[in-house]
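Here is a short briefing for a first look at this structure. Start with the view below, then read on by topic.

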Amino acid sequence: MEFELDILPLSVWLPHQEAAIIAGPCSAETEEQLVATCLQLKDLGVSALRAGIWKPRTRPGNFEGHGEIALPWVQTVKKLVDLPFAIEVATPQHIELALKYGVDILWIGARTTVNPFNVQDLADALQGVDVPVMIKNPVNPDLALWIGAIERIHKAGVRKIAAIHRGFSSLQESKYRNPPNWQIPLELKRIFPHLPLLCDPSHITGDRKMVAKVAQKALDLNYDGLMIETHITPDKAWSDAKQQVTPSELEEMIHSFNFRKQKTDDIEFNNRLDELRKQIDELDRELVEILATRMYLVEQIGEYKRENNISIFQIERWDEIFRTRPQWAEKMKLNKELIQEIYKLIHVESIRKQTEVMSQIPEKIKA
Ligand SMILES: C=C(O[C@@H]1C=C(C(=O)O)C=C[C@H]1O)C(=O)O
């Protein structure tokens with residue numbers, strides 16, 4: 001990475017118990033709806049409130065938020081409920097207005113994170129401003145864009161930063177509205193271990209029935225918090241009706257959550273974990289050795305093909321491999337999709353290796 005992120009822990013700007021929970025309606029629809037929802041959230045132990053003031057909608061004609069008109073409603077809520085309030089901003093003007101009305105936390109939405117020009121405009125507007133900024137993943141599954149947006153905001157001097165994982169758009173059919181692609185946020189966490197990471201199961205699932213399950217998965221993966229859309233009458237919501245839950249459903253969910261610890265001092269647990277991990281280390285070494293041996297054979301086949309002028313890609317052989325290996329896996333109670341994915345990667349590497357071999361001048365001719 002270009003530079004280590006120097007950021008403050010989440011607890012500095014968002015005090016919380018086991019995990020930070022940000023809740024509130026998708027959109028601020030009326031002052032009554034916003035106040036009623038937030039009053040019901042007041043005693044649930046949530047760490048912050050949220051509401052959409054400007055809503056980026058895919059197509060025109062849908063409710064796009066009230067804009068500045070709704071900001072005094074946020075002020076009303078803040079007088080009644082002693083919790084920080086978060087809203088989405090997409091332009092420098094949104095930032096200016098949010099700060100003018102005393103909004104505590106800003107977030108950059110998925111449709112903004114995709115555009116570096118847009119993010120840079122926001123970063124410039126945030127220069128010298130001490131406000132926490134949460135950055136949602138870009139709509140498309142592109143980790144570099146997400147990192148780029150975080151770096152731009154960080155370079156503007158913002159030290160209260162968090163990332164929000166809200167899932168990614170996909171052309172494939174899925175039970176999710178925005179499939180989570182967990183490997184992307186986990187890779188972000190590997191690159192920036194100190195960056196607080198929140199999950200937005202409402203946008204990932206698009207379906208209130210699945211929200212608790214995805215939220216629990218995020219907690220199992222040691223996420224620092226959750227953002228959950230909550231509405232007093234979700235079915236009547238002006239936006240994202242299907243994915244919002246009532247405050248009492250949220251309360252039930254919070255009670256059902258299992259909050260995991262990252263580590264323990266329990267000696268017995270740690271010893272057993274070490275023992276099992278040593279076994280994994282040995283197996284992984286063997287796995288890598290086996291892959292190296294397989295690749296050595298692929299290279300030999302490549303040389304043989306070159307000498308006999310045979311093409312690299314062999315559809316029948318590849319088809320046989322792609323059919324049989326998952327079958328072997330299933331017999332051993334292994335996930336067949338995993339084996340398919342692994343073999344796709346192996347095959348791409350075989351082709352790369354043999355392409356390299358094909359373009360080499362054979363030793364005999366060189367001599
Ligand atoms: C190794 C070969 O070349 C390619 C790579 C394969 C593999 O990695 O197993 C299979 C078929 C070919 O597309 C081969 O022809 O056997």
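Over residues 266-293 the chain is 96% helix and 0% strand, with the end C-alpha atoms 41 Å apart. UniProt, in an unreviewed entry, places the feature "coiled-coil region" at these residues, 266-293. Keep in mind that this is a predicted model.

**Overall layout**

- The protein chain has 15 helices and eight strands.
- Its C-alpha atoms fill a box of roughly 85 × 50 × 40 Å along the principal axes.
- Of the 367 residues of the protein chain, 33% count as buried.
- Take the contacts in the protein chain with a separation of 6 or more: residues 24 or more positions apart account for 71% of them.

**Domains and annotation**

- The unreviewed UniProt entry carries the annotation "domain: Chorismate mutase" for residues 267-358.
- That span, residues 267-358, is 89% helix and 0% strand. Its end C-alpha atoms lie 55 Å apart.

**Around the ligand**

- The residues around the ligand are Val298, Ile301, Phe313, Gln314, Arg317, Trp318, Ile321, Ile346, His347, Ser350 and Gln354.
- Helix 14 gives the most, with four residues.
- By class, the shell holds six nonpolar, four polar and one charged residues.

- Strand 8 (residues 225-229) is largely enclosed by the rest of the structure, because five of its five residues are buried.
- Gly225, Met227 and Glu229 point one way from strand 8, while Leu226 and Ile228 point the other way.
- Strand 1 (residues 20-24) runs parallel to strand 8, and five bridges join them. Ala23 stands opposite Ile228 in strand 8.
- Strand 7 (residues 197-199) also runs parallel to strand 8, joined by two bridges. Here Cys199 stands opposite Leu226.

**Strands 3 and 4**

- Strand 4 (residues 105-108) is covered on both faces. Ile105 and Trp107 lie on one side, Leu106 and Ile108 on the other, and all are buried.
- Strand 3 (residues 85-89) and strand 4 run parallel, joined by four bridges.
- Within this pairing, Trp107 of strand 4 is the bridge partner of Glu88.

**Loops on either side of strand 8**

- Asn222 lies in the loop between helix 10 (208-220) and strand 8. Its phi is near 70°, a positive value in a residue other than glycine.
- Asn222 has 14 other C-beta atoms within 10 Å, so it is partly exposed.
- Asp240 lies in the loop between strand 8 and helix 11 (247-256). Its phi is near 45°, a positive value in a residue other than glycine.
- Is Asp240 buried or exposed? Asp240 counts as buried, because it has 20 C-beta neighbours inside 10 Å. The cut-off for a buried residue is 20 or more.

Conventions:
Residues are numbered from 1 along each chain as its sequence is written. This is a predicted model: local features need pLDDT of at least 70, side-chain atom pairs count only at pLDDT 80 or more; totals for chains, interfaces and linings use all residues. UniProt positions are given in the numbering used here, feature names are shortened, and annotations may be inferred rather than shown by experiment. A residue is near a molecule or strand if its C-beta atom, placed from the backbone, lies within 6 Å of it. Ala, Val, Leu, Ile, Met, Phe, Trp, Tyr, Cys and Pro count as nonpolar, Asp, Glu, Lys and Arg as charged, and the others, Gly among them, as polar. A residue is buried if 20 or more other C-beta atoms lie within 10 Å of its own, exposed if 12 or fewer, and partly exposed in between; C-beta atoms are placed from the backbone. Two residues are in contact if their C-beta atoms, placed from the backbone, lie within 7 Å. Two strands pair if DSSP finds at least two bridges between them.
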